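Thank you for asking me to look through this structure with you. Please keep the sequence and the three-dimensional view open while you read.

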Amino acid sequence: MFGLEALDLARIQFAFTISFHILFPAITIGLASYLAVLEGLWLKTRDDTYRDLYHFWSKIFAVNFGMGVVSGLVMAYQFGTNWSRFSDFAGAITGPLLTYEVLTAFFLEAGFLGVMLFGWNRVGRGLHFFSTVMVAIGTLISTFWILSSNSWMQTPQGYEIVDGRVIPVDWLAVVFNPSFPYRLLHMSTAAFVATAFFVGSSAAWHLLRGRDNPAIRRMLSMAMWMALLVAPIQAVIGDFHGLNTLKHQPAKIAAIEGHWENVGNEPTPLILFGWPDMKEERTRFAVEIPYLGSLILTHSLDKQVPALKEFPPEDRPNSTIVFWSFRVMVGLGLLMIFTGLCSLWLRRNDRIFQSRPFLHLVLWMGPSGLVAILAGWFTTEIGRQPWVVYGLMRTADASSGHSFAQMSITLVLFVVVYFALFGAGLSYMMRLVRKGPVAHEAEPTDGGPGQKRTPARPLSAANEGADEADHNDRSNKGN
């Protein structure tokens, strides 16, 4: 069907599940740090606006955290069900790395999450702030181990192959493999930027509907300061990451650039737009800028970038996909920088909260960080093909060998269940966003068996209020 084989469906299934999953940890990482900042500012200034924002975003964090845990478990099981040969080959490295994540990050988060979500009036202020900080640190530690494992698959080192299996011989080399520092910084910063635009977009939504109060203004202001400062830093990190990729995965860079062959000693142009054709081995309708490819990728005007034809056809990534996924990521990144600069210009005239064109821009940029993260992961993972462990194991050799029918049925089931389950979760989370922060929100001081505020699970931290949000939304529309 559609020229697809069982292997293609296995890849699509994993791409589908990981695409759903990555959205939740990205927001979790950013919101956890945002909550730590809010509580720290409240403790320092005693400005109740920070406290109100903390209570508001902690509910959204709880829902997001719960969905991230569920989607992550499903993804992990696929290593055994669909990619058992990969697990057999590289499990001696990837298994311990994921175990370290559980032993450090997950236990740290689980240990302090209950205090963070339910202990506002049950423990001292210092202990509660410490718990929030520990949860934030836990999300970053989790990112550390996950990115270390994935980066090793991109740039493996510190291993030996014994009896057809990868055996670690230097764990420091395994963990701190060549691409790991750049990818860790790139992903962590992307999570902060994505969260900033998520927070800013929610504030813009309320301001456009006439709900103007100090908490909403503080949300937008903090989000735009974050975008202004961090989005340009992300571009610099991306440049260093590109140089590292050029050194260790030149075929990926050639595919990203849609660059097929070098002409003599001429420097490499930058192809802004075009359509890489894998069969004809050329980029059709190419719009080029001379010299710029060499300048960006080698920081010189005379060096050449490796071309796709320098690699055997069976070793080339799909340039058609990564060419455009990379441009989506970069294009959205430039829009984020532009939005941050617009916010700075509007601050000078004290119009950042009144400019409706700007608020509409921020509103529409809300999902831009998450879309950019997905585009970046597509570029990274598809650009690694045809290898699952770069240079060591091909993707075709890593699958469990299920039949086309089996993969078709499970893929359809995944799509149906994911859209139903996580669609409901996302819908509920957006209902909480529409409610907005509540000034001087009351917190219960007691509880007990059977009481509605007795903590039972992270999602129970997202208390009632979604129905009120729907009522307020309908009232605003009626007005």
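The numbered points below begin with the whole protein and then turn to single residues.

1. Please bear in mind throughout that this is a predicted model, and that the values in this note are computed from it. The protein contains 14 helices and 6 strands. Its radius of gyration is 24 Å, close to the 23 Å that the globule rule gives for 479 residues, so the protein is as compact as a globular protein of that length. Along the principal axes, the C-alpha atoms fill a box of roughly 70 × 55 × 45 Å.

2. On burial and surface, 51% of the 479 residues count as buried, and the protein exposes about 22100 Å², of which carbon and sulfur atoms supply 65%. How far apart in sequence are the residues that meet in space? Among contacts between residues at least 6 apart in sequence, 78% join residues at least 24 apart. As for charge, the mean positions of the 37 positive and 36 negative charges are 8 Å apart.

3. Is Ala90 buried or exposed? With a relative accessible area of 0%, Ala90 is buried, because it falls under the 20% cut-off. Leaving aside residues up to four places away in sequence, Ala90 touches Trp152 and Val166. Val166 is 76 residues from Ala90 in sequence, yet the C-alpha atoms of the two are 5.3 Å apart in space.

4. Two serines in helices may be read together. Ser58 belongs to helix α2, residues 48–81, and is buried at a relative accessible area of 10%; its side chain reaches the backbone oxygen of His55 at 2.9 Å. When residues up to four places away in sequence are not counted, Ser58 touches Leu35 and Leu117.

5. The other serine, Ser408, lies in helix α13, residues 404–435. Ser408 has 19% relative accessibility and therefore counts as buried, since the cut-off is under 20%. A polar atom of the Ser408 side chain lies 2.8 Å from the backbone oxygen of Phe404.

6. Which residues other than glycine deserve a check for a positive phi? One of them is Glu281, whose phi is near 55 degrees; Glu281 sits in the loop between β3 (270–277) and β4 (282–289), and with a relative accessible area of 25% it is partly exposed. Asp163, which is not a glycine either, has a positive phi of about 55 degrees. The loop that holds Asp163 runs between β1 (159–162) and β2 (165–168), and Asp163 counts as exposed at 71% relative accessibility.

7. Finally, please look at the peptide bond between Gln385 and Pro386, which is cis, with omega at about 10 degrees. Where does Pro386 lie? Pro386 is placed in the loop between α12 (368–384) and β5 (387–389).

Conventions:
Residues numbered from 1 in each chain as written. Predicted model: local features only at pLDDT ≥ 70, side-chain atom pairs only at ≥ 80, totals over all residues. Heavy atoms only, no water. Buried < 20%, exposed > 50% of the residue type's maximum accessible area, 1.4 Å probe, protein only. Contact = heavy atoms within 4.5 Å. Helix = DSSP H or I, 4+ residues; strand = E, 2+ residues; numbered from the N terminus. Rg over C-alpha atoms; globule rule 2.2 N^0.38 Å. Areas by Shrake-Rupley, 256 points an atom, 1.4 Å probe, with all protein chains shown as cover. Lys, Arg positive; Asp, Glu negative; His and termini not counted. Charge placed at Lys NZ, Arg CZ, Asp CG, Glu CD. Polar contact = N/O pair within 3.5 Å; in protein donor to acceptor, adjacent residues only side chain to side chain.
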